[in-house]
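Dear colleague,

Please find below the structure for your review. My notes on side-chain and helix packing follow it.

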Amino acid sequence: MPSTTPDAAESDHPGTSPDQGPTAGPTGGPTLDDAIAFATRMHTGQVDKGGEEYIGHPLRVMATVAHTAGPAGVDPHSAQLAAVLHDVVEDSDTTLADLTAAGYPAPVVAAVDALSHRPDESMRDYLARVAADPLAVIVKRADMQDNSDPARLGRLAPEQAERLATRYAGRRELLDDLVCARDDASQPRAGDRPA
């Protein structure tokens, strides 16, 4: 169930240019505008804890990854697609097969899969799956940032805001630890280096 309190969504969408129109993927798959329209349809009628339309949350996550993906070594277009779609499988009848059939690139579908929390899955197992996918990590960090925005949490009852702030701080720390463990495991050991 959606659990954010979005502000008004930004009116301009990263990945579009007034001169060039929507940015398509390198394989000519769905554009960013296509993904926004799809996510908007899938989240229609959904509201967050503050009673606002839910689509504002994935749009803000998308705007954040537009700026953070490149410096992190992740393709910004793929990150924006995954960001705007990150809750459609978890919060609608959409399946990963639907996204594949619609032409979304395999790395985007894999990131959405990693970002979709499964029933009865522990938070550690879920975040370990996210940590294994660099594209999912970028989106999840932006997701947590939006979910724990103090201005947005300030609109909730103080006890609820404090509980959510504590929850997301713990999840951010766990994700960072899991990403560090992944990175450490991928580094060659001193004995593994060529002479």
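The charged end of arginine 171 is placed over the ring of tyrosine 168, at 5.6 Å from the ring centre. Please bear in mind that this is a predicted model. A search for aromatic pairs across the whole structure returned zero.

Two helix contacts may also be of interest to you. Two packed helices are described by the angle between their axes and the distance between the axes.

On the α1 side, the contact is formed by Leu32, Ala35, Ile36, Phe38 and Ala39, and on the α3 side by His77, Gln80, Leu81, Val84 and Leu85. By class, the residues of this contact comprise eight nonpolar, two polar and no charged.

The other contact is between helix α6 (residues 106-115) and helix α8 (residues 134-147), with axes that come within 8 Å and cross at roughly 55°. That angle makes α6 oblique to α8. The crossing of α6 with α8 is right-handed. Helix α6 contributes Pro107, Val108, Ala111, Ala114 and Leu115 to the contact, while α8 contributes Leu135, Ala136, Val139 and Lys140. The contact of α6 with α8 has eight nonpolar residues, no polar residues and one charged residue.

Yours sincerely

How values were computed. Residues numbered from 1 in each chain as written. Predicted model: local features only at pLDDT ≥ 70, side-chain atom pairs only at ≥ 80, totals over all residues. Heavy atoms only, no water. Phe/Tyr/Trp six-rings, centres within 6.5 Å; stacked < 30°, edge-to-face > 60°. Lys NZ or Arg CZ within 6 Å of the ring centre and 35° of its normal. Axes fitted to C-alpha atoms, helices over the stretch in contact; angles between N-to-C directions. Helix = DSSP H or I, 4+ residues; strand = E, 2+ residues; numbered from the N terminus. Parallel < 35°, antiparallel > 145°, perpendicular 65-115°, else oblique. Left-handed = near helix turned anticlockwise from the far one by under 90°. Contact = heavy atoms within 4.5 Å. Nonpolar A, V, L, I, M, F, W, Y, C, P; charged D, E, K, R; others polar.
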